[in-house]
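Dear colleague,

Please find the structure below, handed over for your records.

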Amino acid sequence: NLSPSIPWVLPRWIPTMQPLQSASADEKKDITTMTILPIDLALYQRTRPYPQIPETVSLTPEDCLKRHQYLRSLVGHKQRQSPLGEPTNREEPAFVAISDEFLDLVREGKVEVVHGRLVGVDKDGTLQISDSQALSDIDHIICCSGYTSQSHNFLSPDMLSTLDYDVGDGFCPTILAWDTLHPSLPGLAFCGMHRGAYMGIMELQARLAAGVMSGSLLLEEEQLQSAMKTSQTIRNFTPRAQFPHFDYPGFIDTLSKLCYGDDFPKYNRDVGDLVVPAFYQPDDELSRKCQLEMREEIERGQDGSRMPKVVLQSILGKWSFDRHIVHLKTKKVERIHGTVKYSKYWERSLDDDDTYGNEMFKHDTKDNPVLYREDGLYEFSPTQKFEVFREYEYECKHDSLEIYFVEGGKRALLFLSLKFVPEAAETKFANDDGYWVKATSDHLCIKDLYSATFRVKLNGLSASEVIIKYRVKGPAKDYESTTILKPQWS
(Lines give C-alpha, C1' and ligand atoms only; values in the text may rest on other atoms or scores of the structure.)
Protein backbone atom coordinates (compact mmCIF):
# COMPACT_ATOMS: atom_id res chain seq x y z
CA ASN A 1 0.00 0.00 0.00
CA LEU A 2 1.60 3.25 -1.18
CA SER A 3 0.30 6.15 0.88
CA PRO A 4 1.37 9.82 0.78
CA SER A 5 0.00 10.42 4.27
CA ILE A 6 -0.93 8.39 7.34
CA PRO A 7 -4.66 8.29 8.12
CA TRP A 8 -6.35 7.16 11.29
CA VAL A 9 -7.83 3.77 10.42
CA LEU A 10 -11.25 3.19 11.97
CA PRO A 11 -13.54 0.15 11.68
CA ARG A 12 -17.17 0.38 10.57
CA TRP A 13 -18.45 0.06 14.16
CA ILE A 14 -17.35 2.40 16.95
CA PRO A 15 -17.92 2.20 20.73
CA THR A 16 -19.41 5.47 22.05
CA MET A 17 -21.13 6.61 25.20
CA GLN A 18 -24.91 7.12 24.88
CA PRO A 19 -27.80 7.49 27.35
CA LEU A 20 -28.97 4.09 28.60
CA GLN A 21 -32.13 3.35 26.58
CA SER A 22 -33.63 1.06 29.24
CA ALA A 23 -33.49 3.85 31.84
CA SER A 24 -36.39 6.17 32.61
CA ALA A 25 -36.61 9.58 30.96
CA ASP A 26 -35.14 11.28 34.05
CA GLU A 27 -32.39 8.68 34.52
CA LYS A 28 -31.27 8.93 30.87
CA LYS A 29 -29.87 12.37 31.63
CA ASP A 30 -27.44 10.87 34.14
CA ILE A 31 -26.78 7.28 33.06
CA THR A 32 -24.70 6.52 30.00
CA THR A 33 -23.29 3.22 28.80
CA MET A 34 -21.02 1.92 26.09
CA THR A 35 -22.93 1.84 22.82
CA ILE A 36 -21.53 0.33 19.62
CA LEU A 37 -22.80 2.26 16.60
CA PRO A 38 -22.13 2.44 12.86
CA ILE A 39 -19.29 4.86 12.27
CA ASP A 40 -21.42 7.55 10.58
CA LEU A 41 -23.73 7.74 13.60
CA ALA A 42 -20.82 7.63 16.01
CA LEU A 43 -18.92 10.49 14.38
CA TYR A 44 -21.71 12.81 13.22
CA GLN A 45 -23.00 14.23 16.48
CA ARG A 46 -23.78 17.80 17.38
CA THR A 47 -21.10 19.80 19.14
CA ARG A 48 -23.45 22.81 19.35
CA PRO A 49 -27.25 23.10 19.50
CA TYR A 50 -29.13 23.62 16.23
CA PRO A 51 -28.39 25.61 14.17
CA GLN A 52 -24.71 24.63 14.22
CA ILE A 53 -23.77 27.66 12.13
CA PRO A 54 -21.72 29.23 10.78
CA GLU A 55 -20.20 26.08 9.30
CA THR A 56 -16.58 25.56 10.31
CA VAL A 57 -14.44 25.69 7.16
CA SER A 58 -10.92 26.11 8.56
CA LEU A 59 -8.97 24.50 11.37
CA THR A 60 -6.43 26.03 13.71
CA PRO A 61 -3.49 23.94 14.92
CA GLU A 62 -5.34 23.62 18.25
CA ASP A 63 -8.45 22.33 16.42
CA CYS A 64 -6.33 19.79 14.57
CA LEU A 65 -4.65 18.63 17.77
CA LYS A 66 -8.03 18.02 19.43
CA ARG A 67 -9.28 16.00 16.45
CA HIS A 68 -6.13 13.87 16.42
CA GLN A 69 -6.48 13.25 20.15
CA TYR A 70 -10.10 12.22 19.74
CA LEU A 71 -9.36 9.82 16.88
CA ARG A 72 -6.42 8.37 18.78
CA SER A 73 -8.71 7.76 21.76
CA LEU A 74 -10.97 5.71 19.45
CA VAL A 75 -8.19 3.67 17.86
CA GLY A 76 -6.16 3.01 20.99
CA HIS A 77 -2.61 1.64 20.77
CA LYS A 78 -3.22 -0.75 17.87
CA GLN A 79 -2.23 1.68 15.12
CA ARG A 80 0.66 3.18 17.07
CA GLN A 81 2.27 -0.25 17.34
CA SER A 82 1.68 -1.28 13.72
CA PRO A 83 4.09 -0.71 10.79
CA LEU A 84 1.62 1.91 9.51
CA GLY A 85 2.25 4.12 12.51
CA GLU A 86 0.29 7.21 13.51
CA PRO A 87 0.10 10.66 11.91
CA THR A 88 3.15 12.60 13.06
CA ASN A 89 2.13 16.24 12.58
CA ARG A 90 -0.83 16.70 14.92
CA GLU A 91 -1.12 20.40 14.04
CA GLU A 92 -2.34 19.56 10.53
CA PRO A 93 -5.83 18.19 9.70
CA ALA A 94 -6.51 14.54 10.49
CA PHE A 95 -7.40 12.11 7.72
CA VAL A 96 -9.53 9.02 8.27
CA ALA A 97 -9.71 5.68 6.44
CA ILE A 98 -12.42 3.10 7.18
CA SER A 99 -11.53 -0.59 7.27
CA ASP A 100 -12.23 -3.45 9.66
CA GLU A 101 -9.10 -5.37 8.68
CA PHE A 102 -6.40 -3.10 7.25
CA LEU A 103 -4.40 -2.63 10.46
CA ASP A 104 -4.43 -6.38 11.17
CA LEU A 105 -3.34 -7.16 7.60
CA VAL A 106 -0.47 -4.71 7.98
CA ARG A 107 0.51 -6.09 11.38
CA GLU A 108 0.61 -9.67 10.09
CA GLY A 109 2.62 -8.72 7.01
CA LYS A 110 -0.18 -9.39 4.52
CA VAL A 111 -0.01 -5.75 3.40
CA GLU A 112 3.24 -3.76 3.22
CA VAL A 113 2.94 -0.01 3.74
CA VAL A 114 5.26 2.32 1.82
CA HIS A 115 5.13 5.99 2.80
CA GLY A 116 5.43 8.34 -0.15
CA ARG A 117 3.70 9.68 -3.25
CA LEU A 118 3.73 8.02 -6.67
CA VAL A 119 5.51 10.25 -9.18
CA GLY A 120 5.90 7.88 -12.15
CA VAL A 121 5.73 4.35 -13.54
CA ASP A 122 8.57 2.93 -15.67
CA LYS A 123 8.04 0.69 -18.68
CA ASP A 124 9.05 -2.38 -16.66
CA GLY A 125 6.43 -1.55 -14.01
CA THR A 126 8.82 -0.06 -11.48
CA LEU A 127 7.12 2.58 -9.35
CA GLN A 128 8.99 5.84 -8.86
CA ILE A 129 8.14 7.34 -5.49
CA SER A 130 8.91 10.71 -3.95
CA ASP A 131 12.21 11.04 -2.05
CA SER A 132 13.98 9.01 -4.77
CA GLN A 133 12.42 5.71 -3.74
CA ALA A 134 11.54 2.95 -6.20
CA LEU A 135 9.47 -0.24 -6.02
CA SER A 136 10.08 -3.06 -8.50
CA ASP A 137 8.53 -6.49 -9.19
CA ILE A 138 5.04 -4.99 -9.23
CA ASP A 139 2.37 -7.25 -10.75
CA HIS A 140 -0.70 -5.01 -10.61
CA ILE A 141 -1.43 -1.36 -9.80
CA ILE A 142 -4.75 -0.14 -8.40
CA CYS A 143 -5.03 3.66 -8.42
CA CYS A 144 -7.19 4.95 -5.56
CA SER A 145 -7.15 8.57 -6.66
CA GLY A 146 -10.84 9.44 -6.31
CA TYR A 147 -13.03 11.31 -8.78
CA THR A 148 -12.04 14.21 -11.01
CA SER A 149 -14.50 16.92 -12.01
CA GLN A 150 -15.54 16.71 -15.67
CA SER A 151 -17.28 20.10 -15.88
CA HIS A 152 -14.78 21.29 -18.49
CA ASN A 153 -16.14 18.68 -20.91
CA PHE A 154 -19.60 20.25 -21.19
CA LEU A 155 -19.47 23.84 -19.91
CA SER A 156 -18.38 26.72 -22.13
CA PRO A 157 -15.05 28.51 -21.52
CA ASP A 158 -16.96 31.64 -20.41
CA MET A 159 -18.91 29.64 -17.80
CA LEU A 160 -15.74 27.95 -16.56
CA SER A 161 -14.08 31.33 -16.21
CA THR A 162 -17.06 32.68 -14.24
CA LEU A 163 -16.91 29.64 -11.94
CA ASP A 164 -13.15 30.16 -11.47
CA TYR A 165 -12.87 26.53 -12.51
CA ASP A 166 -9.62 24.67 -11.81
CA VAL A 167 -9.54 21.25 -13.46
CA GLY A 168 -6.51 20.24 -11.38
CA ASP A 169 -8.15 21.01 -8.05
CA GLY A 170 -10.10 17.94 -7.01
CA PHE A 171 -10.71 19.42 -3.58
CA CYS A 172 -12.52 22.61 -4.64
CA PRO A 173 -12.71 22.84 -8.48
CA THR A 174 -15.32 25.63 -8.57
CA ILE A 175 -16.17 28.72 -6.51
CA LEU A 176 -19.87 28.48 -5.66
CA ALA A 177 -22.27 29.57 -2.97
CA TRP A 178 -22.86 26.48 -0.81
CA ASP A 179 -21.23 24.50 -3.65
CA THR A 180 -24.56 24.91 -5.45
CA LEU A 181 -25.20 28.36 -6.94
CA HIS A 182 -23.35 31.21 -8.65
CA PRO A 183 -24.91 34.73 -8.63
CA SER A 184 -23.76 35.36 -12.23
CA LEU A 185 -25.25 32.10 -13.55
CA PRO A 186 -28.87 32.11 -12.29
CA GLY A 187 -29.98 29.24 -14.54
CA LEU A 188 -27.27 26.83 -13.43
CA ALA A 189 -26.93 24.81 -10.22
CA PHE A 190 -24.65 22.01 -8.95
CA CYS A 191 -25.60 19.12 -6.63
CA GLY A 192 -23.08 16.76 -5.08
CA MET A 193 -20.14 18.09 -7.07
CA HIS A 194 -17.80 18.65 -4.12
CA ARG A 195 -15.53 16.01 -2.58
CA GLY A 196 -17.27 13.93 0.05
CA ALA A 197 -20.88 14.83 -0.76
CA TYR A 198 -23.53 12.86 1.17
CA MET A 199 -27.08 12.08 0.09
CA GLY A 200 -28.61 14.40 2.69
CA ILE A 201 -26.46 17.29 1.46
CA MET A 202 -27.31 16.61 -2.18
CA GLU A 203 -31.02 16.49 -1.36
CA LEU A 204 -30.87 19.92 0.28
CA GLN A 205 -28.74 21.34 -2.54
CA ALA A 206 -31.42 20.18 -4.98
CA ARG A 207 -34.17 21.76 -2.87
CA LEU A 208 -32.16 24.99 -2.66
CA ALA A 209 -31.66 25.08 -6.43
CA ALA A 210 -35.31 24.26 -7.15
CA GLY A 211 -36.51 26.92 -4.72
CA VAL A 212 -34.30 29.64 -6.21
CA MET A 213 -35.08 28.73 -9.84
CA SER A 214 -38.84 28.53 -9.22
CA GLY A 215 -38.86 31.85 -7.39
CA SER A 216 -40.28 30.35 -4.20
CA LEU A 217 -37.01 30.98 -2.38
CA LEU A 218 -35.46 34.44 -2.47
CA LEU A 219 -31.84 34.92 -1.48
CA GLU A 220 -30.30 38.29 -0.71
CA GLU A 221 -27.21 39.36 -2.61
CA GLU A 222 -25.33 39.66 0.68
CA GLN A 223 -26.07 35.98 1.46
CA LEU A 224 -24.75 34.87 -1.92
CA GLN A 225 -21.59 36.98 -1.73
CA SER A 226 -20.85 35.80 1.80
CA ALA A 227 -21.22 32.18 0.68
CA MET A 228 -18.95 32.86 -2.31
CA LYS A 229 -16.27 34.18 0.06
CA THR A 230 -16.64 31.04 2.16
CA SER A 231 -16.05 28.93 -0.94
CA GLN A 232 -12.92 30.94 -1.74
CA THR A 233 -11.72 30.49 1.84
CA ILE A 234 -12.16 26.71 1.54
CA ARG A 235 -10.08 26.67 -1.65
CA ASN A 236 -7.28 28.90 -0.36
CA PHE A 237 -6.91 27.62 3.21
CA THR A 238 -3.84 25.51 3.93
CA PRO A 239 -3.21 22.92 5.09
CA ARG A 240 -6.37 21.46 3.64
CA ALA A 241 -8.68 19.13 5.52
CA GLN A 242 -9.64 15.75 4.07
CA PHE A 243 -12.94 17.16 2.78
CA PRO A 244 -13.99 20.74 1.96
CA HIS A 245 -17.13 20.47 4.14
CA PHE A 246 -15.70 18.46 7.02
CA ASP A 247 -18.21 20.08 9.39
CA TYR A 248 -21.13 17.93 8.26
CA PRO A 249 -23.63 19.12 10.92
CA GLY A 250 -22.70 22.74 10.18
CA PHE A 251 -23.10 22.39 6.41
CA ILE A 252 -26.39 20.48 6.54
CA ASP A 253 -27.77 22.96 9.12
CA THR A 254 -26.76 25.86 6.84
CA LEU A 255 -28.56 24.37 3.83
CA SER A 256 -31.61 23.44 5.90
CA LYS A 257 -31.92 26.97 7.30
CA LEU A 258 -31.79 28.38 3.74
CA CYS A 259 -34.49 25.98 2.53
CA TYR A 260 -36.80 25.79 5.55
CA GLY A 261 -35.88 28.51 8.00
CA ASP A 262 -35.98 27.07 11.52
CA ASP A 263 -38.71 24.48 10.78
CA PHE A 264 -36.36 21.52 10.27
CA PRO A 265 -34.95 19.46 11.76
CA LYS A 266 -37.69 19.03 14.36
CA TYR A 267 -35.71 16.36 16.19
CA ASN A 268 -32.13 15.84 17.39
CA ARG A 269 -31.34 19.53 17.86
CA ASP A 270 -29.30 19.33 21.08
CA VAL A 271 -25.60 18.85 21.79
CA GLY A 272 -24.65 15.17 21.41
CA ASP A 273 -27.65 14.30 19.24
CA LEU A 274 -27.02 12.21 16.14
CA VAL A 275 -27.30 14.05 12.79
CA VAL A 276 -29.40 12.09 10.28
CA PRO A 277 -30.66 13.33 6.84
CA ALA A 278 -34.21 12.01 7.40
CA PHE A 279 -34.81 14.83 9.92
CA TYR A 280 -34.09 17.47 7.25
CA GLN A 281 -37.27 17.12 5.21
CA PRO A 282 -40.98 18.00 5.74
CA ASP A 283 -42.48 14.48 6.00
CA ASP A 284 -43.05 14.18 9.76
CA GLU A 285 -44.12 10.54 9.54
CA LEU A 286 -40.80 9.68 7.92
CA SER A 287 -38.93 11.65 10.58
CA ARG A 288 -40.76 9.83 13.38
CA LYS A 289 -40.05 6.48 11.75
CA CYS A 290 -36.38 7.42 11.56
CA GLN A 291 -36.43 8.48 15.21
CA LEU A 292 -37.85 5.08 16.20
CA GLU A 293 -35.24 3.27 14.10
CA MET A 294 -32.51 5.37 15.71
CA ARG A 295 -33.66 4.33 19.19
CA GLU A 296 -33.72 0.70 18.08
CA GLU A 297 -30.22 1.08 16.63
CA ILE A 298 -28.92 2.50 19.90
CA GLU A 299 -30.64 -0.31 21.85
CA ARG A 300 -28.92 -2.87 19.63
CA GLY A 301 -25.67 -1.07 20.31
CA GLN A 302 -26.27 -1.51 24.04
CA ASP A 303 -27.64 -5.07 24.17
CA GLY A 304 -24.22 -6.71 23.84
CA SER A 305 -24.80 -8.32 20.44
CA ARG A 306 -22.04 -6.22 18.86
CA MET A 307 -19.57 -6.65 21.70
CA PRO A 308 -18.02 -9.97 20.58
CA LYS A 309 -16.58 -8.53 17.39
CA VAL A 310 -15.19 -5.45 19.16
CA VAL A 311 -13.51 -7.66 21.76
CA LEU A 312 -12.13 -10.15 19.22
CA GLN A 313 -10.73 -7.38 17.01
CA SER A 314 -9.15 -5.71 20.04
CA ILE A 315 -7.09 -8.74 21.11
CA LEU A 316 -5.58 -9.68 17.74
CA GLY A 317 -1.79 -9.71 17.89
CA LYS A 318 0.99 -10.91 20.18
CA TRP A 319 0.85 -11.07 23.97
CA SER A 320 2.98 -12.21 26.87
CA PHE A 321 1.21 -14.18 29.58
CA ASP A 322 1.79 -15.16 33.16
CA ARG A 323 -0.43 -17.86 34.74
CA HIS A 324 -0.61 -18.95 38.34
CA ILE A 325 -2.43 -22.14 39.31
CA VAL A 326 -3.31 -22.37 42.99
CA HIS A 327 -4.40 -25.77 44.35
CA LEU A 328 -6.78 -24.76 47.11
CA LYS A 329 -6.41 -27.83 49.32
CA THR A 330 -2.62 -28.18 49.26
CA LYS A 331 -1.86 -24.46 48.63
CA LYS A 332 0.63 -25.56 45.99
CA VAL A 333 1.28 -22.91 43.34
CA GLU A 334 2.34 -23.71 39.78
CA ARG A 335 3.37 -21.14 37.17
CA ILE A 336 3.23 -21.03 33.39
CA HIS A 337 4.59 -18.09 31.41
CA GLY A 338 5.24 -17.45 27.76
CA THR A 339 3.62 -15.93 24.69
CA VAL A 340 0.19 -15.94 23.07
CA LYS A 341 -0.71 -14.99 19.51
CA TYR A 342 -4.22 -14.27 18.31
CA SER A 343 -4.17 -14.55 14.52
CA LYS A 344 -7.08 -14.45 12.10
CA TYR A 345 -7.60 -17.12 9.46
CA TRP A 346 -7.39 -14.91 6.37
CA GLU A 347 -7.72 -17.89 4.05
CA ARG A 348 -8.96 -21.35 4.88
CA SER A 349 -10.07 -24.32 2.78
CA LEU A 350 -13.42 -26.00 3.36
CA ASP A 351 -11.51 -29.27 3.49
CA ASP A 352 -9.74 -28.13 6.67
CA ASP A 353 -12.78 -28.79 8.82
CA ASP A 354 -15.58 -31.10 7.74
CA THR A 355 -16.37 -32.59 11.13
CA TYR A 356 -18.43 -29.72 12.50
CA GLY A 357 -20.05 -28.44 9.33
CA ASN A 358 -19.21 -25.64 6.91
CA GLU A 359 -21.41 -22.90 8.30
CA MET A 360 -18.41 -20.96 9.58
CA PHE A 361 -17.01 -20.68 6.05
CA LYS A 362 -20.12 -19.04 4.61
CA HIS A 363 -19.13 -15.76 6.26
CA ASP A 364 -16.99 -13.04 4.71
CA THR A 365 -13.36 -12.75 5.75
CA LYS A 366 -14.34 -10.30 8.48
CA ASP A 367 -16.10 -13.14 10.31
CA ASN A 368 -13.35 -15.71 9.93
CA PRO A 369 -12.32 -17.38 13.18
CA VAL A 370 -9.20 -16.49 15.14
CA LEU A 371 -6.55 -18.96 16.27
CA TYR A 372 -5.27 -18.66 19.84
CA ARG A 373 -1.77 -20.16 20.06
CA GLU A 374 -0.07 -20.33 23.46
CA ASP A 375 3.57 -21.37 23.94
CA GLY A 376 4.96 -21.40 27.45
CA LEU A 377 7.16 -22.88 30.14
CA TYR A 378 5.30 -24.86 32.83
CA GLU A 379 7.09 -24.57 36.18
CA PHE A 380 5.58 -27.58 37.94
CA SER A 381 8.15 -27.39 40.74
CA PRO A 382 11.53 -25.71 41.25
CA THR A 383 13.21 -28.69 39.57
CA GLN A 384 10.53 -29.66 37.05
CA LYS A 385 9.89 -27.41 34.05
CA PHE A 386 8.21 -28.35 30.79
CA GLU A 387 7.59 -26.61 27.48
CA VAL A 388 3.87 -26.59 26.73
CA PHE A 389 1.50 -25.25 24.10
CA ARG A 390 -2.24 -24.94 23.67
CA GLU A 391 -4.55 -23.87 20.86
CA TYR A 392 -8.16 -22.66 20.74
CA GLU A 393 -10.33 -21.14 18.07
CA TYR A 394 -12.34 -18.00 18.78
CA GLU A 395 -15.34 -17.07 16.67
CA CYS A 396 -18.15 -14.51 16.88
CA LYS A 397 -21.56 -16.16 16.79
CA HIS A 398 -24.60 -13.90 17.19
CA ASP A 399 -24.16 -12.16 20.57
CA SER A 400 -21.44 -14.49 21.87
CA LEU A 401 -17.73 -15.04 21.48
CA GLU A 402 -17.36 -18.80 21.25
CA ILE A 403 -14.16 -20.66 22.10
CA TYR A 404 -13.52 -24.13 20.66
CA PHE A 405 -10.92 -26.74 21.50
CA VAL A 406 -8.36 -27.46 18.78
CA GLU A 407 -7.16 -31.05 18.50
CA GLY A 408 -4.67 -32.21 15.91
CA GLY A 409 -4.83 -28.82 14.18
CA LYS A 410 -8.61 -29.02 13.70
CA ARG A 411 -11.53 -27.50 15.51
CA ALA A 412 -13.10 -29.82 18.06
CA LEU A 413 -15.89 -29.30 20.62
CA LEU A 414 -17.22 -26.04 22.01
CA PHE A 415 -15.47 -25.01 25.21
CA LEU A 416 -17.01 -21.67 26.25
CA SER A 417 -19.61 -19.20 25.05
CA LEU A 418 -18.88 -15.67 26.28
CA LYS A 419 -21.28 -12.72 26.38
CA PHE A 420 -19.41 -9.55 27.23
CA VAL A 421 -20.90 -6.56 29.02
CA PRO A 422 -19.31 -3.39 30.45
CA GLU A 423 -18.42 -3.86 34.10
CA ALA A 424 -20.39 -0.72 35.03
CA ALA A 425 -23.19 1.11 33.23
CA GLU A 426 -21.54 4.45 33.89
CA THR A 427 -18.16 3.36 32.54
CA LYS A 428 -16.02 6.38 31.81
CA PHE A 429 -15.18 5.90 28.16
CA ALA A 430 -12.67 8.02 26.28
CA ASN A 431 -9.85 8.33 28.79
CA ASP A 432 -6.30 7.07 29.06
CA ASP A 433 -7.17 4.52 31.75
CA GLY A 434 -9.57 2.57 29.52
CA TYR A 435 -12.58 0.53 30.60
CA TRP A 436 -13.28 -3.11 31.37
CA VAL A 437 -15.72 -5.54 29.77
CA LYS A 438 -16.48 -8.91 31.33
CA ALA A 439 -17.96 -12.30 30.45
CA THR A 440 -18.54 -15.55 32.36
CA SER A 441 -19.23 -19.09 31.16
CA ASP A 442 -19.17 -22.66 32.49
CA HIS A 443 -17.96 -25.88 30.90
CA LEU A 444 -18.62 -29.35 32.30
CA CYS A 445 -15.89 -31.80 31.33
CA ILE A 446 -17.24 -35.18 32.46
CA LYS A 447 -17.31 -34.54 36.25
CA ASP A 448 -15.09 -31.45 36.32
CA LEU A 449 -16.77 -28.02 36.23
CA TYR A 450 -14.77 -25.14 34.72
CA SER A 451 -16.20 -21.74 35.69
CA ALA A 452 -14.54 -19.10 33.54
CA THR A 453 -14.35 -15.31 33.88
CA PHE A 454 -12.84 -13.25 31.07
CA ARG A 455 -12.05 -9.57 31.62
CA VAL A 456 -10.74 -7.38 28.81
CA LYS A 457 -9.49 -3.84 29.31
CA LEU A 458 -10.20 -1.69 26.27
CA ASN A 459 -8.46 1.54 25.40
CA GLY A 460 -10.58 2.70 22.52
CA LEU A 461 -10.64 -0.21 20.07
CA SER A 462 -7.47 -1.83 21.43
CA ALA A 463 -7.15 -4.20 24.37
CA SER A 464 -4.40 -3.27 26.83
CA GLU A 465 -4.88 -6.19 29.26
CA VAL A 466 -6.73 -9.51 29.43
CA ILE A 467 -7.38 -11.46 32.63
CA ILE A 468 -8.67 -15.03 32.38
CA LYS A 469 -9.72 -16.92 35.51
CA TYR A 470 -10.87 -20.52 35.86
CA ARG A 471 -12.33 -21.99 39.02
CA VAL A 472 -12.14 -25.75 38.54
CA LYS A 473 -13.96 -28.26 40.75
CA GLY A 474 -14.24 -32.02 40.43
CA PRO A 475 -13.61 -35.31 42.19
CA ALA A 476 -9.85 -34.92 41.83
CA LYS A 477 -9.57 -31.19 41.05
CA ASP A 478 -9.93 -28.11 43.17
CA TYR A 479 -7.85 -25.22 41.87
CA GLU A 480 -7.98 -21.67 40.58
CA SER A 481 -6.06 -20.55 37.51
CA THR A 482 -5.40 -16.86 36.81
CA THR A 483 -3.78 -15.76 33.54
CA ILE A 484 -2.77 -12.16 32.85
CA LEU A 485 -1.99 -11.18 29.27
CA LYS A 486 -0.07 -8.03 28.33
CA PRO A 487 0.44 -6.80 24.75
CA GLN A 488 3.82 -7.41 23.12
CA TRP A 489 4.86 -4.46 20.96
CA SER A 490 6.77 -5.46 17.88
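What share of the residues in the protein is buried (under 20% relative accessible area with a 1.4 Å probe, protein chains only)? Of the 490 residues, 45% are buried.

Please note that this is a predicted model, in which local features need pLDDT of at least 70 and side-chain atom pairs count only at pLDDT 80 or more, while totals for chains, interfaces and linings use all residues. Residues are numbered from 1 along each chain as its sequence is written, and side-chain values use heavy atoms, with hydrogens and water left out.

The protein has 10 helices (DSSP runs of H or I, at least four residues) and 20 strands (runs of E, at least two). Its C-alpha atoms fill a box of roughly 90 × 65 × 45 Å along the principal axes.

There are three cavities of 30 Å³ or more. A cavity is a set of points on a 1 Å grid over the protein atoms alone where a 1.4 Å probe fits but cannot get out, and lining residues have an atom within 4 Å of a point. The volume, meaning the space filled by probe spheres set on the points, is about 70 Å³ for the largest cavity. Of its 13 lining residues, Val57, Phe237, Arg240, Ala241 and Phe246 are the closest to the centre.

The second largest cavity holds about 50 Å³. Its lining consists of His194, Arg195, Gly196, Tyr198, Ile201, His245, Tyr248 and Phe251.

Yours sincerely

Conventions: On a 1 Å grid over the protein atoms alone, a cavity is a set of points where a 1.4 Å probe fits but cannot get out, and a pocket is an open set with protein on both sides within 12 Å along at least five of seven lines; lining residues have an atom within 4 Å of a point. Buried means under 20% relative accessible area, exposed over 50%, partly exposed in between (1.4 Å probe, protein chains only).
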